Amino acid sequence: MSFRIRRECCRDRATEVILGAKNMLSTVFLELTNHCNMNCEFCANHLMSRPRGYMPLDLAKSIIDQLRQMNFKGSLIKSLMGEPLLHPNFKEILKYSIDKGIKSNVITNFLAVPERVSIEKLLTSGIDTLCLSYQTPNQHTFQTRRTKLKFDEYFKKLKMIISYARDNNINTNRIEIHILHSLYNYLNVEVVNDDRLIESAILKLCDILYPDNSKFSKQKFDEKNIIKAVKKFRQGKQYLDTFEIKIGSRIYVVLKRANTWANRLIPEGCEVEPKNRGNCGFFHNSLGILWDGNCTVCCQDFNGSIYVGDAKTTSIADINTGKRLTGMRELEKKGQLESDYCHLCKGTIKRNGRKFSIIKNHGLINKGFKLANQIKVKLIQ
Ligand SMILES: C[S@@+](CC[C@H](N)C(=O)[O-])C[C@H]1O[C@@H](n2cnc3c(N)ncnc32)[C@H](O)[C@@H]1O
Ligand code: SF4
Ligand code: SF4
């Protein structure tokens, strides 16, 4: 078992992205649909005001063809908003991108498994990284997903996927099981706020991977290691942003700090003082293509407010090197952010005119919090 802090492609980590060659896209988010079969309280799904729909098959294929022509070497992530498995042509689009040699990742709430997409298809079609957004690992936290399904039935689906991965030859490189923690963050919703729950959730997943009668059970899985790893994740009184624990061959638990969707989901009674200066790596290496072809730079931009072009009428290469995006990139390099959307994202959260400190709320000192986010954990085999 091993664990490490991960660099994440999210708001908090965006400024840390090391820029590759000029204007080289490293991540493209392809929103197959913004329809969803859940309505999670912690997600901006319920704030989306743009129309809902499904990306036309020919548009999806054309984007994939263009990425191949551009010799795109990054990851094509199937999802931005919405649930990708709901797209009527999900399997065809997935196969198309994999056949074209594009590294394809899927982020899914897996609610539609196995009814719409079989487990075999998910795990043997050549997805590079499959992110299973488990997020809420008990009955209580599962209520935030706002679905009719019972938690036990949801867990059964996850169990089936993990059991399949345990017992069969799969060709998915990584299966990530995500758990969302809202410890010391500014989100308006509480998700997982207890490391005991995290610990027991991981142990429950290990029980699936290493049932008592398994010959691997003793040598590969030691409860104490999990407890030790979760302790590492909680450094003193603090918790790390993103932390992953390898629990099996190709299987990782990723503990991820919930974000505020560019400060659109903040605690009641708070307001954001916008800031038009700051830096963000998203402008330089990522592109989000919404189901209707409209493009943004940012996976946090749930309404497509940072419009940079239309993939229906303009090639991806032209959008990537066009005036609009290059202008934004030049400004960003000078520390200026053009979009109002970014101004709130980079803004200061206030309550009653004063800077709102989550740390104060928890009776902790600011210095300690900053330090905790910088701690490096060595990879332990
Ligand atoms: C917007 S969803 C789209 C894909 C799919 N519907 C799903 O839930 O996996 C993409 C990812 O964002 C995560 N997410 C949603 N709200 C979040 C928040 N406030 N902080 C961090 N991640 C969040 C989801 O759990 C999921 O892993
Ligand atoms: S997190 Fe995913 S499953 Fe939940 S509402 Fe958002 S898009 Fe839907
Ligand atoms: S909203 Fe703007 S500043 Fe915030 S992560 Fe997205 S692109 Fe970067």
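**Ligand shells, core and backbone of a predicted model**

The model is predicted, so local features need pLDDT of at least 70 and side-chain atom pairs count only at pLDDT 80 or more, while totals for chains, interfaces and linings use all residues. Residues are numbered from 1 along each chain as its sequence is written, and chains are lettered from A and ligands numbered from 1 in the order in which they are written.

Now to the other two ligands. Ligand 1 has 19 residues around it, the closest being Cys43, Ser79, Asn109, Ser133 and Ala258. At least two residues of this shell come from each of β4 (103-108), β5 (129-135) and β6 (174-181), and β5 gives the largest share, three residues. By class, the shell of ligand 1 has 10 nonpolar, seven polar and two charged residues. Around ligand 3 there are 14 residues, of which Cys280, Phe282, Cys298, Cys342 and Cys345 come nearest. Helix α12 (residues 340-345) provides the largest share of that shell, three residues, and the shell as a whole holds 10 nonpolar residues, one polar and three charged.

The chain as a whole has 14 helices and 16 strands, taken as DSSP runs numbered from the N terminus (helices H or I, at least four residues; strands E, at least two). Of its 381 residues, 38% are buried; a residue is buried if 20 or more other C-beta atoms lie within 10 Å of its own, exposed if 12 or fewer, and partly exposed in between, with C-beta atoms placed from the backbone. The largest nonpolar core has 94 residues, and Val28, Leu30, Ile202, Val253 and Ile289 have the most contacts inside it. Such a core is a set of buried Ala, Val, Leu, Ile, Met, Phe, Trp, Tyr and Cys residues joined through C-beta atoms within 7 Å.

Beyond its neighbours within four places in sequence, Ile202 is in contact with Ile226, Val230, Ile245, Ile247 and Val253, contact being C-beta atoms, placed from the backbone, within 7 Å. Two of these partners, Ile226 and Val230, belong to the α8 side of the meeting between α6 and α8. The contact of these two helices divides into seven nonpolar, no polar and three charged residues.

Finally, some backbone details are worth a look. Most residues other than glycine have a negative phi, and most peptide bonds are trans. Valine 113 and proline 114, however, are joined by a cis peptide bond with omega about 0°, and Pro114 lies in the loop between β4 and α3 (119-124). Glutamine 135, in strand β5, has a positive phi near 60° and is buried because it has 23 C-beta neighbours inside 10 Å. Arginine 250 also has a positive phi, about 70°, and is placed in the loop between β9 (242-248) and β10 (251-257). With 16 other C-beta atoms within 10 Å, Arg250 is partly exposed.

Technical notes: A residue is near a molecule or strand if its C-beta atom, placed from the backbone, lies within 6 Å of it. Ala, Val, Leu, Ile, Met, Phe, Trp, Tyr, Cys and Pro count as nonpolar, Asp, Glu, Lys and Arg as charged, and the others, Gly among them, as polar. Two residues are in contact if their C-beta atoms, placed from the backbone, lie within 7 Å.
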